[in-house]
Each structure stands twice: as C-alpha cells, then as structure tokens.
Amino acid sequence: MRHLASVELLMLLLIPLVYIVSWTDYILSASLTLALLIIALLRYHQQADLKFLFLGMILGGIGEYFCVQAGVWIYRKPFLFGIPLWLPPFWGYAFLLMNRWGERLLGPEVRRSDWPLLLRGSYLFFQYLMLIGLTVGFSERNLILFGCLLILGLFNLAHSSRMDRFFALIFPIMGVALELIAVHSKIWYYDNPDFFGLPFWLPLLYLNFAIFIRKTVRFMSDHMTKSSLHWNKGEQQPEGISGG
C-alpha cells in the first residue's frame, strides 16, 4: 500500500480545499476548477481518461439536475438550473482521478467474460434511470430508498470486477467525507437528513453510481473496439466482393 501517498490521492484531496475557499465566487470557483482539469489532462490524456472525464461530467450533471429540481439536495450558491458552475467538471475530475488511483494501487484490470453488448447497454441505461428515479421518488422515505439502493448495490457487486469493487469501496468513503465537509461549510444541504446533515442512503448512492460509471466506460470501450474491428474487416475485403 505504499502508493497511498500518490499524486492521484493528493489531487483528489484538493477538491474540498478548492471549493471551501471558492464556492461563494462564480469566477474564482470556475477558474480553479478549470485549472484542476488542465493539470489533470496534462498528466492523464489517454482515451480512457477522456471517457471517465466526459461521462462523469455529463451523467453526473444530468443526475444532479433532476435531484436538485426535485429538492433532494439544495446548493446555496447555484449558477444555472440550481447547480453551481463548477459541479459537472467536478464529477469528471473525480472519476478520472479515482480511475487512475485505482490503476496505481491494483495494477491493470483483468477482464472477464461479460454480458452481450446489447444487453449490457440496455441494462446500464435502465440502471441510470433507476438511480435517478429512486432518488427523486423516495428521497422523503429514507428507509425505502436505502433498501432499494442496497438491493441494487448487492446485485452490482455480485457482477463486478476487482476495479469495480475498488470504486465501490473508496468512492463512498471519499464522497461522504466530502459531503460532511461541504454540508457543514454550508455549500449545500439535504432536504431530509438523518445524521450529521446527511441521509443514511447516501453511501449506497455513491456505491451504485461509481460501479455504473465503471461499467459504462467498459461498455463504451468494448463497443468502440467491436465497431473498429467490424470497420477494418469491411475495408480488408478483396476487390470485387461487395456486401450487397
């Protein structure tokens, strides 16, 4: 575990520091977020890094929008649609760094056989809708939401890789730690908290979302690889042979 003091961990620990000192100022928070992203992309800019960055930004931002509109949690200094300007880039930055930290600690991931691509894509889309729907629909019924997320989390862990389980362990720990800092720094707050300003289903939401992002990146990589092989195979057909 000598890599625990890695560059990736130090870059992750910058997140709460940056937003504690800058969240009340749109320009300062956006500038510091941009600086973090530039530093991260100068160091990590492979195809998988960009997938984690953009998936985290897009899917994290969409999920935030629906949850904020439903009043599950509220930001005290929003910019647009109830969401701070720095929030979508934060999700991308966090997932990029988490992936790189996991690779440093665990080494390259050993791939195993998985479901067919069409089935995996359909399930991932359904799971994303389910995570948002459950959170929005049952945010006032914390025990029911906890039970639903627990069942989903157990299913996801039963069909997960070693890297997925790393995400499932570390992301909730770091996420809840950041949440505690942010809530008590009055950056945002929850409409229906249980303990210390947080609902007790929150770690399970982080767990499921972390595995979802991991599996979605893997799905995208496999889909692009399959498409590339199919395209190359078509290009290599002998002259005079057509597909019609």
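Visitor: Which residue lies over the face of Phe 167?

Guide: Happy to start there, and please keep in mind that this is a predicted model. A charge counts as sitting over a ring if the Lys NZ or Arg CZ is within 6 Å of the ring centre and within 35 degrees of the ring normal. Here Arg 214 is placed over the face of Phe 167, 5.6 Å from the ring centre. In a second case, the charged end of Lys 77 sits over the ring of Tyr 26, at 5.4 Å from its centre.

Visitor: And how many aromatic pairs are there?

Guide: The count is 27 aromatic pairs. Take Phe 95 and Phe 171: their ring centres are 4.6 Å apart and their planes meet at 20 degrees, so this pair is stacked. Phe 95 belongs to helix α4 (residues 87-106) and Phe 171 to helix α7 (residues 162-184), so the pair ties together parts 76 residues apart in sequence.

Visitor: Are Phe 95 and Phe 171 buried or exposed?

Guide: Both Phe 95 and Phe 171 are buried. Leaving out residues up to four places away in sequence, Phe 95 touches Phe 52, Gly 56, Phe 167, Phe 171, Phe 209, Ala 210 and Ile 213. The largest nonpolar core has 66 residues, and Phe 95 is among those touching the most other members, along with Trp 73, Phe 90, Trp 201, Phe 209 and Ile 213.

Visitor: Where does pLDDT stay under 50?

Guide: Look at residues 240-244, for which the model has zero contacts beyond four places in sequence. For the protein, the mean pLDDT is 84, with 86% of residues at 70 or more.

Notes: Residues are numbered from 1 along each chain as its sequence is written. This is a predicted model: local features need pLDDT of at least 70, side-chain atom pairs count only at pLDDT 80 or more; totals for chains, interfaces and linings use all residues. Side-chain values use heavy atoms; hydrogens and water are left out. Rings of Phe, Tyr and Trp (its six-membered ring) pair if their centres lie within 6.5 Å; planes under 30 degrees apart count as stacked, over 60 as edge-to-face and the rest as tilted. Helices (H or I, at least four residues) and strands (E, at least two) are DSSP runs, numbered from the N terminus. Buried means under 20% relative accessible area, exposed over 50%, partly exposed in between (1.4 Å probe, protein chains only). pLDDT is the predictor's confidence in each residue, from 0 to 100. Contact means heavy atoms within 4.5 Å. A nonpolar core is a set of buried Ala, Val, Leu, Ile, Met, Phe, Trp, Tyr and Cys residues joined through side-chain atoms within 4.5 Å.
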